[in-house]
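Colleague: Could you take a close look at the salt bridges here, and go through them pair by pair, with the setting of each partner?

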Amino acid sequence: MLQKREKVLLLRTFRGRTLRIVREHYLRPSVPCNSPLCPQPATCRNDGKLLSSDVTHYIIPDWKVVQDYLEILEFPELKGIIFMQTACQAVQHQRGRRQYNKLRNLLKDARHDCVLFANEFQQYCYLPRERGESMEKWQTRSIYNAAVWYYHHCQDRMPIVMVTEDEEAIQQYGSETEGVFVISFKNYLDNFWPDLKAANELCDSILQSRRERESESQESHGKEYPEHLPLEVLEAGIKSGRYIQGILNVNKHRALMEAFVRLQGASSKDSDLVSDILIHGMKTRNRSIHGDVVAVELLPKNEWKGRTAALCENDHEDKALGESPSEPMPTGRVVGILQKNWRDYVVTFPSKEEVQSQGKNAQRILVTPWDYRIPKIRISTQQAEALQDFRVVVRIDSWEPTSVYPNGHFVRVLGRIRDLEGEIATILVENSISVVPFSEAQMCEMPVNTPENPWKVSPEEERDRKDLRKTHLVFSIDPKGCEDVDDTLSVRTLRNGNLELGVHIADVTHFVAPNSYIDIEARTRATTYYLADRRYDMLPSILSADLCSLLGGVDRYAVSVMWELDKTSYEIKKVWYGRTIIRSAYKLFYEAAQELLDGNFNVIDNIPEFKDLDEKSRQTKMEELVWAIGKLTDIARHVRAKRDRCGALELEGVEVRVQLDEKKNIRDLIPKQPLEVHETVAECMILANHWVAKKIWESFPHQALLRQHPPPHQEFFTELRECAKAKGFSIDTRSNKTLADSLDNANDPSDPIVNKLLRSMATQAMSNAMYFSTGSCAEDEFHHYGLALDKYTHFTSPIRRYSDIIVHRLLMAAISKDKKMGIKENLFSNKDLEELCRHINNRNRAAQHSQKQSMELFQCMYFNDRDPETEERCLSDGVIYSIRTNGVLVFIPRFGIKGAAYLKNKDGLVISCGPDSRSEWKPGSLQRFQNKITSTTTGGDSVTFHLFDHVTVKISVQASRYHSDTIRLEIIRNQPYMIPDTELCHQSALLLKSELVKEVTRSVEEAQLAQEVRADTLQEEYQEYCQTKGRSLYKLLEEIRDLALLDVSNHCGM
Ligand SMILES: [Zn+2]
């Protein structure tokens, strides 16, 4: 029984016309109340999350409280919260998608005791808006009315506190209904939660910032920015092509001047625009913030401007270098914001002196975000002085047209500036990575495996799975000391003479049920995060290092792919997918497997599994294993050759060897001639991923999770081609095959760095590989360019990637479908999967950025406080790999650092190198050519720097109070640097990178010890925090591969 009502919305367009929008609205006699006190749960259909029965009252926040104090309502201590639909809609309309999603997630999250009540659909709760009544008043009245109904619905058994910011409502309703109390939110916290200090402080901070904002808008005169156009006008304008929709991207190196709008959606197809749109200056950016979805109006052509090609400092002296900008490009102004993408920002307060100079209003402080792209934020606080040495999290509340800066409030302290832990916390917040320890509820879902209560294979599983324990020789090959083994291999001869190849992957989804607490947590994390010195696991260690880890000599559940191959041609005849039980016979390490492959059998003395065998069985078992490794390698060579013919790329950075110390830390990454056995393992994994991709796509053509790697844009290869030409090489970028071949040929025998740099440029020109749902793009777009495969996915690392967990569930559903059995798995629809893919892609980018930023942090800490004049480490050989108008970009192989070196300094002097090759600054000018740049002094001396020239650079650190420190490079000789110690010559970049991390970690630890922290507790905490454990080479390769694809290096002005 539904009642139809009409809901009328009156919207005013910016020309002043009124728009009448009518929406049909259906009322029901009952909607879920989700209270355990419900007298008729069946009628209410309370089948979702219920409020806790263990509370003294329910709390119903008014719409404004939900809008402004959501972060306090998120405190898990606050229980029994009922969010009214009216309040939720107000958040959606006023605060944008991000805030609304936060609210939705809160409602979904079983850990938070809160529910939604759809009051506007309940026939006794719904109140039509009265003539002349303001939206705000109506919302408050509706929520109060629903609160009263709810109280009576629960048979007056649970008092209700409605919290509101509306003084009149408190007056009017405060004691109108017995059992329903209306008070302010501040009052509520003071009375009910006086001990919840963090919530009270946060509340004060938000209140204060609001008060200041109100008083300011009263006294304000004149507007700093034009008003934004109303949403419906923007939408109509975008439809008609008058405005263009896109995402605002601020240029980090000239944040106050340059931002670009990347076209989005229909805009990019309808308009003739091929490039981004330049937004020049803060005024035309009109209060939009990096990441916001904006609507832009193009300016007339005569007002278009060009972007600058010069290197520049990360400060505000944009014009300091007197650079002429490049060709004018489409330039526009922001007329409105379609979606705000505000997040938590890490900021630094000004020093005491700076606060004093800010003058009159000492309580309103301008803080500087760590991210250059975010404008300064005005914070109201009395704690400015106490906070000045810390990195602090703030949120933006509003940005009025009358205010030069956005207003925000203080949220929490992260740690001291320049303190390792504080800076790491900063990197995490800036990448929106939250890594709290796994909760009790999550851990309760975990299986037990203790000496008293050992985990065992269950009889049901034994019945349902294919048992390979007695029939298959299964083994793993990993780096020494690896704990989380998620892949194993097998190969054997079948009765018909054919071969059977098997890849057996940890069965994580057996232990992680869909939508369980641990599943939701893993989905949120989406990946394991690897920072320079630590890692944060996606799953608890009971799974990642124990029950899911395919260790030697123990029974484990696996998901297997097994192929039947022709005995001579290795052609694939059949494939089988399914759940299995395995017992890995050997947990081999790479070097040992390679020795066996090479016929050096003495190595078996180092393989523990061979220790206690008698001579005869030792011999038999060894022969068996050697045969298997040899056969696998043979098959892998064959498969690889097939991919190579299709143009698979060998990317820079792949040739790495990992060495772990006894504590399972990565000790070395040694880029050596790779062992063939690495490639064997990698190739088998690629094969499994490829076949699983085919399988799940065939079974679920519109909702399978695959991974695509789109071909690169040809124009991105221009720089690569030009650079190669400078050395006389020609790079053919027409296809992945020609690119792979020509990169192989571009080898300067006298300088191996050249090939490395060209490969790294090639990887930078590539697009990112991305997860996607097959329902959302055409089949010819599925292609994986780098691997030269038509379909690809991630199946082989479910312990550290959530994508693989989804793929495992899809594979299980596909198997059920084949057997005509019901599909138990609750699969994602295309739309939901697409959203999940966006999330995972976004989290992977965050993982890459945080890894890179943490590495840069360590680099700076390594060079910090060193005297560049005396310390050997500060001088190094560098290779020029890009020419700019006022300087060059330099790669330092020894440390793997890339950075800018200026040829013109701040005083306008240019570099000059005398006969002894030492550099000096003199008056003069620079002239840039295609592949070189010449500096000529007024005295007539000149020096030219070419691409790939080796120079001697001095490395120093440019300290910054507000942002991360940065590495500075200065060319001090136009000759290669001769390393005094020949040992160093052979040390590789990656080796030194890891040495560098170790040294910084050590010195930080020492500094902490010096602060009289008790040594043993520190050690313990540190280890727990670090969570560093072994990882397999294959994973590492994949990471480096992924990282290389993203490597947004420190280039200025790019
Ligand atoms: Zn009910």
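Modeller: E970 is partly exposed at a relative accessible area of 30% (buried is under 20%, exposed over 50%, partly exposed in between, with a 1.4 Å probe and protein chains only). The model is predicted, so local features need pLDDT of at least 70 and side-chain atom pairs pLDDT 80 or more, while totals for chains, interfaces and linings use all residues. Residues are numbered from 1 along each chain, and side-chain values use heavy atoms, without hydrogens and water.

The partner of E970 is K954, and the closest N and O atoms of this salt bridge are 3.6 Å apart (Lys or Arg side-chain nitrogen within 4 Å of an Asp or Glu carboxyl oxygen). This pair links distant parts of the chain, since K954 belongs to strand β41 (residues 950-958) and E970 to strand β42 (residues 966-973), 16 residues apart (DSSP runs: helices H or I, at least four residues; strands E, at least two; numbered from the N terminus). K954, with 14% relative accessibility, counts as buried.

Another salt bridge joins the side chains of R469 and D555, at 2.8 Å from N to O. R469 sits in the loop between β20 (466-467) and β21 (474-478) and D555 in strand β26 (residues 555-565), so this pair ties together parts that lie 86 residues apart in sequence. R469 is buried at 17% relative accessibility, and D555 is buried as well, with a relative accessible area of 19%. R469 and D555 also belong to one network of salt bridges with shared partners, together with E462, D467 and R583.

Within helix α25, by contrast, E856 and K852 lie four residues apart, about one turn of the helix, and their side chains meet in a salt bridge of 3.1 Å, N to O. E856 is partly exposed, its relative accessible area being 23%. Across the whole structure, the search finds 54 salt bridges, these pairs among them.
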